[in-house]
Amino acid sequence: MKSLHAQHHALADTSYQLTVLSEAEAAGARLPAFAHKLHESGLLPLRPTELAVMQVNVGKMCNQTCRHCHVDAGPDRTEIMTRATMQLCLDALAQTTIPVVDLTGGAPEMNPDFRWFVEQISALGRQTIVRCNLTIIVANPKYHDLPEFFAQHGVRVVSSLPHFSAARTDAQRGEGVFGRSIRALRMLNAVGYGVEGSGLLLDLVYNPSGAFLPGRQVGLEREFKQRLLREHEVVFNSLLAITNLPISRFMEYLLESGNYESYMQKLVAAYNPVAAANVMCRSTLSIGWDGQLYDCDFNQQLALNVAKNAPQHIRFFDATALQDRAIVINQHCYGCTAGAGSSCGGATA
Amino acid sequence: MEKSTYYNPADLAKFGNVADWQPEMGRKFFDYYGEVFKDGALSEREKALIALAVAHAVQCPYCIDAYTVDSLQKGADEAQMMEAVHVAVAIKGGAALVHSVQMMNKAKELSM
Ligand code: SF4
Ligand code: SF4
């Protein structure tokens with residue numbers, strides 16, 4: 001499967017995605033503007049709280065081409081962060097006390113400077129999270145030692161596994177992905193990841209393989225733990241339940257399958273003001289592969305940069321100016337506020 | 001205009017409106033309903049699958065729709081959902097079939 005970008009698909013153009021999102025708003029009074037909902041909740045303009053996470057997207061290149069990918073990542077994407085830009089991130093980090101750097105992609109490990117970057121983050125005494133797609137570990141011998149490398153730097157590993165059944169996982173992430181993910185999970189377990197008392201954290205990300213919302217995180221976690229242990233002798237720490245946001249390839253799936261409007265209605269109907277108050281953009285700064293600044297990785301993929309009064313590039317990082325910005329919102333934000341809420345850390349309410 | 005059929009998918013979302021004409025009983029029913037589906041001795045996923053099976057037994061299109069979604073949300077997969085339906089089918093079929101013992105008894109009674 002090719003990325004939307006490589007297919008020259010209309011949805012590869014982010015402005016077209018924004019048009020679709022705004023049309024749904026006009027299509028019926030049933031889909032109120034997200035800004036209106038936030039206003040009702042007393043949250044407009046949406047302001048940052050304390051900056052707790054620097055999330056860096058080190059490139060769109062990936063060994064997989066998952067159907068729901070909000071990054072439109074894949075082997076055919078060449079956008080990748082340079083070491084010079086990573087250095088700018090480190091310079092900014094050093095000026096702050098931000099405790100956590102969250103590395104995402106694509107498959108972040110495919111960036112040739114990935115390991116260097118992790119070492120530098122460690123040297124600054126900050127915690128690294130890596131959003132590891134699992135299959136990268138077994139994709140090529142040069143990645144087989146990633147579990148040891150992660151362990152050495154106390155990296156917290158957060159990995160996608162949309163289901164404990166092979167069929168549902170493969171339907172979303174590609175043929176054979178489940179089997180390779182289990183192999184990788186065993187390699188992570190073997191060095192202590194997910195094993196109680198090791199201090200090495202391995203969290204799994206659940207997201208629905210289709211046009212429905214995730215169920216309760218605790219219930220799903222219990223099911224995943226039982227099934228993965230019983231059937232595959234795999235252990236992990238926490239399950240993070242994440243809602244698919246209606247953008248990029250997931251938007252394409254929704255439109256193709258005729259589920260777009262009903263999915264948006266579901267998200268709107270499930271709006272939860274508590275989740276709205278806890279959206280992750282309030283405590284996150286998202287940095288693109290080219291150093292541009294965004295409120296979150298979703299806005300990044302929609303090319304919605306931080307508000308104009310804030311610095312636009314990590315080179316001009318200024319914590320105070322960023323703190324004064326209003327977060328840029330749009331209709332896709334309903335994905336973060338539905339039900340128990342959704343963020344890169346799972347449920348929020 | 002809305003399509004006029006006996007079962008309209010849009011009506012499922014109006015289920016809560018049944019409380020309009022009898023608020024007290026409606027409220028009690030929905031409170032009870034909510035309580036029933038909470039995690040307990042059975043997990044939420046198991047309860048969703050039981051509801052899905054019963055929905056097929058009572059052949060309620062609203063419930064089939066609702067508990068297909070609910071089963072997926074609670075983490076059930078296609079195999080579990082189809083097995084749940086087969087449990088309902090087995091019981092419905094078995095319930096019909098077991099009455100044939102009565103038929104056999106009666107036939108034997110009347111026969112030489
Ligand atoms: S969802 Fe993750 S693993 Fe899948 S294509 Fe996107 S970046 Fe790669
Ligand atoms: S999509 Fe981004 S900006 Fe919108 S609510 Fe979610 S985290 Fe915030």
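The areas themselves come from the Shrake-Rupley method with a 1.4 Å probe, and for residues only the protein chains shown count as cover. This is a predicted model, where local features need pLDDT of at least 70, side-chain atom pairs count only at pLDDT 80 or more, and totals for chains, interfaces and linings use all residues; side-chain values use heavy atoms, with hydrogens and water left out. Residues are numbered from 1 along each chain as its sequence is written, while chains are lettered from A and ligands numbered from 1 in the order in which they are written.

Back to Glu231(A): what does its side chain do? It forms a salt bridge with Arg230(A), with the closest N and O atoms 3.5 Å apart. Here a salt bridge is a side-chain nitrogen of Lys or Arg within 4 Å of a carboxyl oxygen of Asp or Glu. Arg230(A) is exposed at a relative accessible area of 60%. Over all chains, the structure holds 23 salt bridges.

Asp72(A), Arg77(A), Glu79(A) and Arg249(A) are linked in a salt-bridge network. Asp72(A) and Arg77(A) are both buried. As a reminder, side chains of opposite charge can pair when their charged atoms come close.

Zoom out to chain A, which has 15 helices and eight strands; helices (H or I, at least four residues) and strands (E, at least two) are DSSP runs, numbered from the N terminus. Its radius of gyration is 19 Å, close to the 20 Å that the globule rule gives for 349 residues, so chain A is as compact as a globular protein of that length. That radius is taken over C-alpha atoms, and the rule is 2.2 Å times the number of residues to the power 0.38. Along the principal axes, the C-alpha atoms fill a box of roughly 55 × 45 × 40 Å. Of the 349 residues, 58% count as buried. Look at the contacts (heavy atoms within 4.5 Å): among those in chain A with a separation of 6 or more, 73% involve residues 24 or more positions apart.

How are the strands of chain A arranged? All eight form an open sheet with mixed pairing, in the order β6-β5-β4-β3-β2-β1-β7-β8. β6 (239-241) and β8 (293-294) stand at the edges with a single partner strand each, so one side of each is left without a neighbour in the sheet. Strands count as paired if DSSP finds at least two bridges between them. β3 (residues 127-132) and β4 (residues 156-160) of chain A run parallel over four bridges, with Arg131(A) partnered by Val158(A) in β4(A).

Just after α7(A), Gly174(A) takes a positive phi of about 115°.

Most residues other than glycine have a negative phi, and most peptide bonds are trans. Leu134(A), in the loop between β3 and α5 (135-139) of chain A, has a positive phi of about 75° and is buried at 0% relative accessibility. His8(A) has a positive phi of about 55°, but is exposed at 73%. The peptide bond from Leu44(A) to Pro45(A) is cis, with omega near -5°, and another cis bond joins Gly105(A) and Gly106(A), omega being about 20°.

Finally, chain B. Ser43(B) lies in the loop between α1 and α2 (44-57) of chain B, is buried at 8%, and touches Arg222(A) and Glu223(A). Elsewhere, Phe15(B), Val18(B), Phe29(B), Tyr32(B) and Val36(B) make a nonpolar surface patch with about 470 Å² of accessible area together. Patch residues have over 30% relative accessible area and no salt bridge; like charges are joined within 9 Å, nonpolar side chains (Val, Leu, Ile, Met, Phe, Trp, Tyr) within 5 Å. Val18(B), in the segment before α1 (23-36) of chain B, is partly exposed at 48%.

Technical notes: Buried < 20%, exposed > 50% of the residue type's maximum accessible area, 1.4 Å probe, protein only. Lists of a residue's contacts leave out its neighbours within four places in sequence.
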